[in-house]
Amino acid sequence: MQVKLHPKNTFTIIMVVGFLYLAYLIFFESGDGMPEIDVDLKDVISYAVLAIEMGGHAVMKVNEEKNLNAAAKGLTDEGKEELLTRADLISNHLILDILQRFPQLQIVSEEKKSEFSEREIEPYRLDNYAVWQSVKEILDKIPSRRLQLSDVRVFVDPLDATQEFTEGLTEYVTVMACIVLDAEPIFGAIYRPFFNETIFGLQGFGVITSDGVRLNPIEDSKTAKKVVVSRSHAGKVKEIVEKVYGDKMNIEPAGGSGYKTLRLVNGTAELYLHTTAIKKWDTCAGDAILRTMGGAMLDLEGQPLRYSSADPLLNKKGLLATVRNPYSYLNKFQGIQIL
C-alpha cells in the first residue's frame, strides 16, 4: 500500500517536529531545564536602587512607630547577640518583592523571606513611581549592557547597623544592594534613609550621588587621618593601629559597614579596618563602590573578596578597605599578628 502525504500535512508535521526539537534544546540541553534569560544590566540596577530606597523608607516608618520588636536572632563568632527588628524584616520583604520580578535572579539577603501578609506590608509601601522619579534621570545615564541573568547575583542588606538602629543612632543606618558578575562586585548602591542620600558605583561608569554629583577620591592631603572600626566588633584593631601608626592616625568606632565605607568615600576617614568575621552582604555594595574609585576591600591575607556561589558568605579573614591602593596599607601591617 502506498501512502501519500498532502503537502499541507507534511508542512504541519515538519513544523511540529521543529518546535519539539527547539523546546528540547531550550529546556533540556541547557542543563537546568530552564531557558537562559537575557537582561539589560541597566534594568537590574534600576530595580535594585528602587528596592533599597523602598526598603529604606519602610525602615524610617517603623522607626517612627516606635515598635521595633527587637529580638536576638543568634550569636556572632565572638559570642555577641545579633539583633533583628520589624524594620529588618519589612525592608527585606519589600526589597525581595521588587527584585523577584526578574525570574531566576539569584538573590542573597541577610534575612529570610518574612511571613508578613500583603495587608500587613501595604502601609509601608511607597508609590513606586514617586521613588523611581527621584533617581530616574541619574540612572538613565548608565550605559546598556546585555547579560545572562543566570550569571548575575544580587546581595542585599535590608538594614545595616541594626544594633545602632535599636539604640536610636540612625546616622549609621544604611540599606544596600550589590550586583555581582563572575564573583566580582560590579555595582553597589548604599542608601542612608534618615538622610535621603544614595550613592551608586558602577565599574566603568563611576561613582555618583542621587543628586547627580560625580565622586572621586578626596586628595590625600585633605583626607582625615582616621581609621574607622566597628563599635561592637572592634577586636584588637586599636592595638594594631597604634603599633603601625603611633599617634599619627586617630581611631573612631562607628556602626555599620555601609556607613564606614561612605566615610572613606567622603574623605572623613582614610582606612576601614576590621579584624573579626564579617558577612559578605555587609561588604559587597561598599566593595563595588571602592573598586570603582580605584580602591578595594581586601581580607587581611591580602586577597580581594569574592562573591560567587562557590565562595563562603562569611569572611573570617578580616577586612581592610580604602579608596586608594589597599596593598600599600596592608604592607604596613606585615610582621604584625592581625588575625
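Entry 1. I noted that the model is predicted, not experimental.

Entry 2. I looked up the annotation. UniProt, in an unreviewed entry, places the feature "binding site" at E110, D157, L159, D160 and D282. These positions span 173 residues in sequence, yet no two of their C-alpha atoms are more than 9.6 Å apart, so they gather at one spot.

Entry 3. I checked L159. L159 sits in strand 6, residues 152-160. With a relative accessible area of 1%, L159 is buried. Leaving out residues up to four places away in sequence, I listed V59, T85, A87, D88, E110, F165, V173 and T174 as touching L159.

Entry 4. I checked D282. D282 is in helix 9, residues 280-292. Its relative accessibility is 14%, and D282 counts as buried because the cut-off is under 20%. Again leaving out residues up to four places away, D282 touches E110, D157, D160, M176, S257 and G258. E110, D157 and D160 are also on the UniProt list.

Entry 5. I looked for disulfides. The count comes to one. C178 and C284 form it, with their sulfur atoms 2.2 Å apart. The torsion about the S-S bond is about -55 degrees, so the disulfide is left-handed. C178 lies in strand 7 (residues 174-181) and C284 in helix 9, so the pair ties together parts that are 106 residues apart in sequence.

Entry 6. Are these cysteines buried or exposed? C178 is buried at 1% relative accessible area, and C284 counts as buried at 0%.

How values were computed
Residues numbered from 1 in each chain as written. Predicted model: local features only at pLDDT ≥ 70, side-chain atom pairs only at ≥ 80, totals over all residues. Heavy atoms only, no water. UniProt positions renumbered as here; feature names shortened; annotations may be inferred. Helix = DSSP H or I, 4+ residues; strand = E, 2+ residues; numbered from the N terminus. Buried < 20%, exposed > 50% of the residue type's maximum accessible area, 1.4 Å probe, protein only. Contact = heavy atoms within 4.5 Å. Disulfide = S-S within 2.5 Å.
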